[in-house]
Each structure stands twice: as structure tokens, then as C-alpha cells.
Amino acid sequence: MFTVINCNTTLWLPPFQHTSINLESVTLNFPPEIGNNPGLAFDSAILLDFKMSGQVVYAGTGRAVYFQPRSIAPFYKVEGILDSKIEFMAIAVISEGGRPTGATAIAFDVSSAVIQRSKFHFQDVKGGDVGIMVFSPPKPTGFIMNEIYANTYQQKNAGVSIGHVPTTFVYGNRWFINVQPTPSGNAAGLISYGQNDTIFINVQAGDAGGSAITDGVKLESSAAKNHIFVGRMDATTPV
């Protein structure tokens, strides 16, 4: 049986440790009333095994799925997302006509605590300005030594953005990504400010057989010592 849960406010998950969660055949629906608030949000997680085989549908203007570790996990007495595995089948950012909005589908915010040595799998990421955003930390917390598997499409600005301003605290991650952003004047497959990442990427035009996007892989000022392996590249400026 398929279940739809309507949420007009953010669904914040508390700190977890040594926990397994499996959500099957569930749609978490966040209507426009959510505004710029996050939809589903994660706090600290230590050795969490989370799997959602349904979907998150988000019609707001903020972040559909938001990772912001900020509270102390009760047993280990630490903050952060560490040694965890988190999987989503589908995450969609929509508006009245099913068009992308200014929202971000998935956001990692390490302004308060580190996200490290964890695995993330996002099978279907649709819409928004950016599919996956890692915000650059203002202090030395970091997004470090994680593995991210994702398929993103119909984003207006970028499929994936590793950092948003110069940083030295996003590094050593492994990315396995297929991106298919919507062609526009500034669309990019991947934007990176990170260091020492290993990136496997395919960049496809926004529509099958459609026009190429502008930048395939855009390396910003702080990007350094990354290893990038490209399969398909439908971009006027590949790197």
C-alpha cells in the first residue's frame, strides 16, 4: 500500500546513533505552504542506516532534503554525520506546472559540525536551481571523505555544486554522478571548489538530443588536486 504524508512544516529528524530506518512506499509531500523552510531535515547521525524507497516531493523555495548536523548525539557525545549510509529513491522539486523552482533538491550544511566517512545514494533527483549543494563551511568543520552516488536532472543552474565559495574544508570525497541540467545561459553539470576529490561524471544535455549546456565541469578558485573521469560530455566548455 502506498502512503502519502502531507507536511506543512519541516520534518526534523532527531540525532541518531546505531539506528536502522527503512521507509517503504511512502511519499513525503511538502506543499507551497512550506515556503523557504527545509522539507526533510537530518540532524547528527552516527552509524545510521537510512533508506527511503518512496519519494520526497517539495514545492517550496528552500531545500527539499537538508543535512545539517548541529546537536550532540547522546551516546558518543559528538556532533556530525559520521560513518552512516543514507539512500533515497526519488527527490523532486516542483511548482504549479511541474516546473523547477529556485529551490535546492539536496543540501549539505556543515556550518556547525562535520559530515565525514558516510555514503549517500540519490537515485532520482529532479528539478530546482541545483540538484546537490555542499555549502562551504565558514569554519573548519568540513565535508570530508564521503561517497556520493546520484542521478540529477532538470536543474536550472547546476546538477551538483561542491562548495559555493572558496574553501579548504571540502575534500577527499568520491563522486559518482550522472547530471542532466536544463540548458540555459549559465547551466553547468558540476561546479567544484573542493580539493582531492575523485569524480566520475557523465554530463548529458537537458533533453535527449537537445542543445549542449554551457559548462560541463567548472573548477573554481579553490579547486585543486581533483581526479576527474569523464564519460559523456554534452557541454560547449567541457572543463
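**Note on the predicted model: salt bridges, sheets and core**

1. Arg70 has a relative accessible area of 40%, so this residue is classed as partly exposed. The model is predicted, so local features need pLDDT of at least 70 and side-chain atom pairs count only at pLDDT 80 or more, while totals for chains, interfaces and linings use all residues. Residues are numbered from 1 along each chain as its sequence is written, and side-chain values use heavy atoms, with hydrogens and water left out.

2. Which residue meets the side chain of Arg70 in a salt bridge? The partner is Asp43, at 3.9 Å from N to O. A salt bridge here is a side-chain nitrogen of Lys or Arg within 4 Å of a carboxyl oxygen of Asp or Glu. Asp43 lies in the loop between β5 (40-42) and β6 (45-58), and Arg70 in the loop between β7 and β8 (81-82), so the pair ties together parts that are 27 residues apart in sequence.

3. In general, side chains of opposite charge can pair when their charged atoms come close. Lys156 is partly exposed, at 35% relative accessible area. Another salt bridge is formed by Lys218 and Glu220, whose closest N and O atoms are 4.0 Å apart. Lys218 is partly exposed at 35%, and Glu220 is partly exposed at 23%.

4. In what order do the nine strands of the open sheet stand? The order is β2-β5-β7-β10-β13-β16-β19-β21-β23, with parallel pairing. The edges are β2 (11-13) and β23 (235-237); each has a single partner strand, so one side of each is left without a neighbour in the sheet. From one strand to the next, the twist averages 20 degrees. Angles run from 0 to 180 degrees between N-to-C directions of axes, which are lines fitted to C-alpha atoms (for helices, over the stretch in contact). Two strands pair if DSSP finds at least two bridges between them. Strands β7 (63-67) and β10 (104-109) run parallel and are joined by four bridges, with Phe67 having Phe108 of β10 as its bridge partner.

5. Phe67 also belongs to the largest nonpolar core, of 52 residues, in which Phe67, Phe88 and Phe122 touch the most other members. Strand β6 gives the most to this core, namely six residues. Apart from it lies another core of six residues, including Val130 and Phe135. A nonpolar core is a set of buried Ala, Val, Leu, Ile, Met, Phe, Trp, Tyr and Cys residues joined through side-chain atoms within 4.5 Å. In soluble globular proteins, nonpolar side chains tend to be buried together. Leaving out residues up to four places away in sequence, Phe67 has contacts (heavy atoms within 4.5 Å) that include Phe42, Ile81, Phe88 and Phe122.

6. Parallel pairing also involves β15. Six bridges connect β12 and β15, where Phe120 stands opposite Ile148, and seven bridges connect β15 and β18 (174-180), where Gln180 is the bridge partner of Tyr153. The covered face of β15 holds Ile148, Ala150 and Thr152, and the uncovered one holds Glu147, Tyr149, Asn151 and Tyr153.

7. His121 is part of β12 (119-126) and is partly exposed because its relative accessibility is 27%. Beyond residues up to four places away in sequence, His121 touches Ile86, Glu87, Phe88 and Tyr149. Its side chain also makes a polar contact of 3.0 Å with that of Gln123. Such a contact is a pair of N or O atoms within 3.5 Å; within protein, one must be able to donate a hydrogen and the other to accept it, and residues adjacent in sequence count only if both atoms are side-chain atoms.

Methods
Helices (H or I, at least four residues) and strands (E, at least two) are DSSP runs, numbered from the N terminus. Buried means under 20% relative accessible area, exposed over 50%, partly exposed in between (1.4 Å probe, protein chains only).
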